[in-house]
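Please have the model open while reading.

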Amino acid sequence: MRQAEGPGFDRRLLAPMLLGSVLNPVNSTIISVALVPIGAALGAPPSQTAWLVSALYLATALGQPVVGRLIDLFGPRRLFLLSTALVGVAGVVGTAAPNLGVLIGARVLLGFGTCAGYPSAMALVRSEAERTGRDSPRGVLTALAVANQTVAVVGPLLGGLLIAAGGWRATFALNVPLSVAAVLLGLRRLPRTTGADRVRPARTGPRPGTGEPGSDGHPSGLGENGPAEHEPAADRGTPPREGPAARLDLPGMALFAVTLTSLLLFLMNLHLRDWYLLVITGTAGTAFAVRELRTAAPFIDLRVLGGNTALLATFGRALLAYTVSYSFLYGFSQWTEEGYGLTPFHAGLVQMPMFLLAIGVAVVAGRRAGVRGKLVVGALGQLAASAVLLTLTGRSALWTLVLVALIFGVPQGLNNLALQNSVYFQADPERIASSAGLLRTFAYIGSMVASAAAAASFGQHADTAGMHRLGWVMLGAGALYLLLTALDRSLGRVAAADARAAAE
């Protein structure tokens, strides 16, 4: 029976939530059709312009869980305002960049500037559930997924329009008005939450909307394999009234940064001569694990995360799904321009069917509970599109390019929605922002793998043979994604939690 009384979700939060969360995907995708014009203007081959993709994801993959943890401790307002202001600075730097090096620096700033949007949105959804006593976020989560999918898929077309109107620099200048709008919305509508307000006692009542125990029981609402199989951090020695600043695990954050940076630098340019980066990754990663297991207030609670196999499986699926998605986004876009001969505008226009179908699929699927079906169909869609990609040549009919984009619209509309909803119900509510940040980190690692695969497949020219090599990489990642989904029995518990929330 649906609950009719009580306060509802504060709709004034939607505008800053949605705008903040799309700043990253708009910059992730708009660059796809700008790589060739930038390379031509600055005399850089695809192997060098690939750093424009990698730099943003390196910064964002590192920054999302760090900023997410800060949001968990201090609330979203200050982090949101600071980060979105940095987006405007990056837009100015990129617009005036005299060379590729400065342009890459602007993309790094963009990466850090877009870190707060999505974790802030997920934290606001959770805090509103606690404020209202109702945990029925399906409509809001669907709106987030649709907004991100809309921008992610329309990005190439928008990029083509901007390049046609003002050259590739216009794709960076766009960030200035977006930043101003986000900051103004944040100032007017985000709650003035303080760090003290965020430090709440451990929840002992039922989690809103699920009927499951609170953080002293199963905070994920999933029962076994949930984070609560281990003691809360407060029970391991954290003083109950300790302020949030004292709970910042700066050494853990630093070790995490070294681990992830060395790993991603290795993935950016796969070569045995860079073996030392793997040594650094292993050493820093081991030190990070030891630190997190011993400290009372860890940056990433490995005890909790290690017991939450359902959430770990979701992170693994995110890595694989985004490897396929971004291999298509960057590889197909470059090939349609260089290998097929389309202009940046027409290359973006070819992907319009994907945009339209992805939006429709996300809206329809968002009304239904559960995630397993969405994940399975999304995986099959990626496999089908990758297989068709292998049949394309420079002489293929234009409608076959549109067909591939159309097929990719199905997984584009399903995967992000299902992964996001999985994290919402699987994560510890007290760490929802950092868990959302980790979801994006694994997605960005997938994008880095995709970027490295595209650079290795194309080399100096985005030709048809290189696109076919990339297609085989996509098929392999898609098959692993399907297998990981089919073997995951915990997805049924996500569907049950989602159904209980919707029934309130």
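Is Ser-179 buried or exposed?

The model is a predicted one. In it, Ser-179 has a relative accessible area of 5%. The cut-off for buried is under 20%, so Ser-179 is buried.

Ser-179 sits in helix α9. Leaving aside residues up to four places away in sequence, Ser-179 touches Thr-84, Ala-85, Val-87 and Gly-88. Gly-91 is 88 residues from Ser-179 in sequence, yet the two C-alpha atoms are 8.7 Å apart in space.

## Helix α9 against helix α1

Two packed helices are described by the angle between their axes and the distance between the axes. Helix α9 covers residues 175–189, and helix α1 covers residues 14–30. Their axes come within 9 Å and cross at roughly 155°. Angles over 145 degrees count as roughly antiparallel, so α1 and α9 are roughly antiparallel to each other. The crossing of α1 past α9 is left-handed.

On the α1 side, the contact uses Ala-15, Pro-16, Leu-19, Leu-23, Val-26 and Asn-27. On the α9 side, the residues are Asn-175, Leu-178, Ala-181, Ala-182, Leu-185, Gly-186 and Arg-189. By type, the residues of this contact are nine nonpolar, three polar and one charged.

## Aromatic pairs

A pair of aromatic rings is described by the distance of the centres and the angle of the planes. The model has nine aromatic pairs. One of them is formed by Phe-256 and Phe-288, with 5.8 Å centre to centre and 50° between the planes. This pair is tilted. The pair links distant parts of the chain. Phe-256 belongs to helix α11 (residues 250–268) and Phe-288 to helix α12 (residues 275–294), 32 residues apart. Phe-256 has a relative accessible area of 10% and is buried. Phe-288 is buried too, at 9%.

Tyr-322 and Tyr-326 make a stacked pair. Their ring centres are 5.8 Å apart, with 20° between the planes. Why are Tyr-322 and Tyr-326 separated by about one helical turn? Because they are four residues apart in helix α14 (residues 309–338). Tyr-322 is buried at 16% relative accessible area. Tyr-326 also counts as buried, with 9% relative accessibility.

## An aromatic cluster

Which residues form one aromatic cluster? They are Phe-328, Phe-332, Trp-335, Tyr-340 and Phe-408.

Terms used
Residues are numbered from 1 along each chain as its sequence is written. This is a predicted model: local features need pLDDT of at least 70, side-chain atom pairs count only at pLDDT 80 or more; totals for chains, interfaces and linings use all residues. Side-chain values use heavy atoms; hydrogens and water are left out. Axes are lines fitted to C-alpha atoms, for helices over the stretch in contact, and angles run from 0 to 180 degrees between N-to-C directions. Helices (H or I, at least four residues) and strands (E, at least two) are DSSP runs, numbered from the N terminus. Angles under 35 degrees count as roughly parallel, over 145 as roughly antiparallel, 65 to 115 as roughly perpendicular and the rest as oblique. A crossing is left-handed if the near helix is turned anticlockwise from the far one by less than a right angle, and right-handed if clockwise. Contact means heavy atoms within 4.5 Å. Ala, Val, Leu, Ile, Met, Phe, Trp, Tyr, Cys and Pro count as nonpolar, Asp, Glu, Lys and Arg as charged, and the others, Gly among them, as polar. Rings of Phe, Tyr and Trp (its six-membered ring) pair if their centres lie within 6.5 Å; planes under 30 degrees apart count as stacked, over 60 as edge-to-face and the rest as tilted. Buried means under 20% relative accessible area, exposed over 50%, partly exposed in between (1.4 Å probe, protein chains only).
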